[in-house]
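User: Hi! Could you walk me through this structure with a few questions and answers?

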Amino acid sequence: MSEGTIHLALFNAIDPAAEAIGKLRELGIQDKDMSIISSVPYSDRMLGRPMSWTFVPKIAIGGFIVGLVISLLLNFGTPLLYPIRVGGMPYLPIPPTLVLTFEISMLGLMFATFLGVIWESAFPSFGPKEYHSEISNGRIAVVFSCPAEIHNQVHDLLVAMGAEWVHRTEATEL
Amino acid sequence: MTAKAMPFPKGEFQEEEDPQEHLLFDPRPREEMNQMVMESMRSTTGPFWVVVGILTLLVLVCLVGAWVYMALTGMGVAGVRRPTYWGMFIANFVFWIGISHAGTFVSAILRVFKADFRRPFTRAAELMTAFGLVVAGMYPLIHLGRVWVAYWIIPYPNSRWLWPNLRSPLTWDMIAIFTYLLSSTLYLYLPLIPDVAMARDHSNGWRYRLYRLMALGWRGTEAEWHRLRTAIQIFAFAIIPVMFSVHTIVSWDFAVTKTPGWHSTIFGPFFVVGAIYSGVSAVVMILFLIRTTLANMKYFVREEHFDALGKLILVFSFTWTYFYFSEYILAWYGGDLSDQYVWDALTKGPYAWLWYTMLICNIAIPWLTLWNKRIRRSPAMMFAIGFIVNLGMYIERYLIVPGMISRNRFPFTWDEYTPRIELVISVGSLSLFLLLYVLASRLIPLIPVWEVHEGQTAHTLRRIGKTVVPTKSEIE
Amino acid sequence: MVDKAKWGMVIDLDRCNGCTVCVTACSMENNIAHVGEADAGYGRSMQWIRIERYWEGEYPNIVSRFMPVMCQQCGNAPCEPVCPVYASYHSEAEQLNVQIYNRCVGTRYCGNNCPYIVRQFNWFDYAKDMPEPLNYQFNPDVTVRRRGIMEKCTFCIQRIRRAEEAAEAQGREVRDGDVQPACAQACPSEAIVFGLLADPNSQVSHLARNARAQRLLLEELGTEPRVIYLKSERGTKR
């Protein structure tokens with residue numbers, strides 16, 4: 001939200017919300033100054049918005065590799081540090097090591113996925129943010145910042161489309 | 001010319017299900033669903049506290065008290081002896097790991113297959129996984145002779161430069177169960193965040209503070225949803241092989257030994273199928289209990305869900321029977337003497353009554369009842385069938401663990417196993433599972449409302465010709 | 001893994017008459033706990049050797065067969081790889097299966113995986129309740145085990161060690177006859193013979209090559225046991 005005050009408009013359904021985004025774009029508000037907040041996920045195509053990015057898959061792969069390295073250290077490093085002959089088996093057999101390699105790599109994958117979500121979303125963040133508690137009751141919020149000149153124009157447009165208007169939102173404590 | 005046409009079946013058309021009977025075609029405003037879920041979480045009655053009190057008492061006496069007594073006195077107060085060095089504790093361990101496969105099956109496999117009937121009960125099933133693993137993870141500690149040095153199995157650098165044996169299936173168990181527990185908990189938590197955010201917006205007091213902490217500041221922006229959905233997809237695909245591997249590793253505790261009866265290559269898939277079988281039956285039991293004890297649950301958990309789960313239970317009953325019969329026919333036909341000793345003990349020896357009970361519970365009753373739609377749609381009957389299946393599956397684990405090792409290649413050492421303090425500790429651990437579940441039902445919303453809402457958005461009724469047809473859109 | 005047997009034992013089943021002196025001597029030598037009547041009735045006696053007794057035939061023509069079974073000190077011991085803490089491992093020097101008492105956490109997996117069912121478990125702190133003056137008969141060379149620990153026959157490794165140390169002090173190798181475990185020492189009919197299987201001239205190696213249909217127990221499992229049984233021909237003469 002670069003310039004101007006931040007506004008939050010609540011809609012009851014997805015169709016008027018998607019229409020509103022188009023109209024706001026026509027009025028010159030850029031995509032990066034707009035955001036949709038909802039209680040169920042709506043895909044970017046439904047909203048007519050550019051695709052949002054995420055690094056979570058790459059972080060997950062990174063976690064997998066970290067798990068793989070740790071499992072290799074455990075499986076092949078510890079018998080070298082503490083070589084004990086058991087059951088006539090060689091010190092560094094491959095088949096039993098595959099079990100733990102798989103498990104620990106998957107652990108790394110999933111833990112990293114979770115941490116990736118947390119990190120990317122900058123969770124936990126308890127400071128004041130733009131939000132309205134009605135969103136979790138099914139409303140869809142269009143949050144945008146617009147310069148003061150077109151403020152009234154935007155207001156009229158959105159109310160005509162059926163929005164419940166909350167303007168100049170102070171960031172509420174969540 | 002035309003095919004022989006049958007008269008329009010009388011009454012059948014009326015018996016056609018009203019699509020509105022299905023949850024996903026019976027949408028209510030999100031506000032109302034939120035209120036229903038919050039009310040079911042907050043309203044507690046007098047009997048509820050009585051139940052909590054009894055469960056807490058059972059946990060303290062039968063689990064904590066008995067376990068401490070056993071640890072201080074020695075394993076001798078249990079019923080194990082040579083040659084049955086493993087008994088009810090390990091049978092319980094396998095049983096609870098089996099129960100824990102239910103949640104992953106419901107929330108991961110059904111999600112991957114886009115089976116939308118899973119939507120209302122994924123969280124209830126995932127809670128079963130998490131708590132089932134907590135209880136299951138206690139049993140390798142309970143059955144240890146020297147539980148106070150159990151941490152030696154963990155690979156950590158120490159001053160004696162000792163490392164554990166990473167070739168032992170027990171070490172694999174520990175790491176696999178830890179992986180599965182952590183993954184399941186995270187997989188439970190991620191889809192919980194939006195619902196806890198909803199609860200945060202509808203609470204005050206200590207609940208508000210708790211949910212605010214748990215929601216981590218979730219709002220529901222596009223970016224947040226995108227990340228969450230991506231993570232949930234990764235988890236769903238990744239946790240399925242972990243689920244398979246965990247119970248396979250547990251089965252390898254038995255299969256890598258030289259014990260006749262245990263040394264079977266089929267144990268891996270056999271145990272996994274058995275786990276899903278008993279797990280799905282346990283989900284049915286829990287869903288019935290939720291429906292009857294919590295407010296407003298009859299809207300979310302409906303007969304259609306019991307119907308779908310009943311079909312799954314029947315399919316898994318077939319699969320389990322196929323694996324078990326493979327085990328039996330090979331021993332019967334192949335004739336290795338030590339295998340014959342084992343199977344004779346199970347089928348004709350002192351365990352025969354258990355064996356026939358198991359066959360009735362696992363094969364006869366599901367096969368005779370679950371083909372019938374009316375039975376499948378009756379929650380009370382499904383609860384009974386679920387209980388019977390779990391009983392049969394517990395007997396199966398009991399027959400495998402202490403039953404099969406009572407016979408071996410030296411008839412001079414044969415001895416039966418009779419449980420002693422194991423019964424008390426088993427009751428205690430079951431109480432712990434129920435207590436954790438009951439407390440969780442007060443603290444977190446049991447129904448993933450956002451998923452139900454999402455499913456209802458995707459499901460519509462469309463007219464084709466003279467009838468309305470349920471239609472599902474791919475909005476994911 | 002080639003058979004690198006060092007210490008071995010030959011048991012002559014013709015000479016064994018089931019007197020169980022070996023069991024008693026082993027218990028005295030190795031501080032084996034006395035479990036009391038109740039536990040013994042429940043099958044928890046902790047003797048490291050068991051004399052398996054089989055009856056054959058109908059009365060009055062009954063033949064009894066005795067087979068002492070103790071830890072076979074397998075070359076490919078199945079009890080070793082399953083212990084999660086390496087409490088049971090293979091000693092390369094003595095080629096024996098060694099049990100480390102203070103490392104055992106008591107999972108009892110080794111007990112399940114032993115195909116000879118020779119491993120024992122301390123179900124209680126039996127030694128704690130030893131009435132005076134029985135505690136004076138404990139062997140100071142051997143640990144007294146507390147509850148939660150697996151144990152088994154060690155081929156009297158304390159005697160092997162003492163003989164090896166004595167031999168080293170005299171600047172020589174251990175010779176055949178230096179070491180006798182308690183069971184071999186006590187057996188009145190010399191049914192148990194112990195020695196260096198690695199030495200082809202030792203008494204035990206001679207007996208192991210005996211033509212009397214010598215066999216290893218459960219050889220088909222690939223465990224490579226170090227105890228060789230000489231088959232009894234008593235029953236065939238009747």
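**Chain C, then a pair of helices**

Analyst: Happy to! Chain C holds six helices and ten strands. Keep in mind that this is a predicted model.

User: What is the radius of gyration of chain C, and how does that compare with the globule rule?

Analyst: For 238 residues, the globule rule gives 18 Å. Chain C comes close to that value, so it is as compact as a globular protein of that length. Its C-alpha atoms fill a box of roughly 55 × 50 × 35 Å along the principal axes. The radius of gyration of chain C is 18 Å.

User: What percentage of the residues in chain C are buried?

Analyst: A residue counts as buried when its relative accessible area is under 20%. Out of the 238 residues in chain C, the buried share is 58%.

User: Are helix 5 and helix 9 of chain B parallel or oblique to each other?

Analyst: Let's start with the axes of helix 5 (residues 122-142) and helix 9 (residues 267-293) of chain B, which come within 10 Å and cross at roughly 120 degrees. Roughly perpendicular covers 65 to 115 degrees, and roughly antiparallel needs over 145. The angle therefore makes helix 5 of chain B, relative to helix 9 of chain B, oblique.

User: Which residues of helix 5 of chain B make the contact with helix 9 of chain B?

Analyst: On the helix 9 side of chain B, the contact uses G279(B), A282(B), V283(B), I286(B), L287(B) and I290(B). By class, the contact has eight nonpolar, one polar and no charged residues. From helix 5 of chain B come A124(B), A125(B) and M128(B).

Definitions and conventions
Residues are numbered from 1 along each chain as its sequence is written. Chains are lettered from A and ligands numbered from 1 in the order in which they are written. This is a predicted model: local features need pLDDT of at least 70, side-chain atom pairs count only at pLDDT 80 or more; totals for chains, interfaces and linings use all residues. Side-chain values use heavy atoms; hydrogens and water are left out. Axes are lines fitted to C-alpha atoms, for helices over the stretch in contact, and angles run from 0 to 180 degrees between N-to-C directions. Helices (H or I, at least four residues) and strands (E, at least two) are DSSP runs, numbered from the N terminus. Angles under 35 degrees count as roughly parallel, over 145 as roughly antiparallel, 65 to 115 as roughly perpendicular and the rest as oblique. Contact means heavy atoms within 4.5 Å. Ala, Val, Leu, Ile, Met, Phe, Trp, Tyr, Cys and Pro count as nonpolar, Asp, Glu, Lys and Arg as charged, and the others, Gly among them, as polar. The radius of gyration is taken over C-alpha atoms; the globule rule is 2.2 Å times the number of residues to the power 0.38. Buried means under 20% relative accessible area, exposed over 50%, partly exposed in between (1.4 Å probe, protein chains only).
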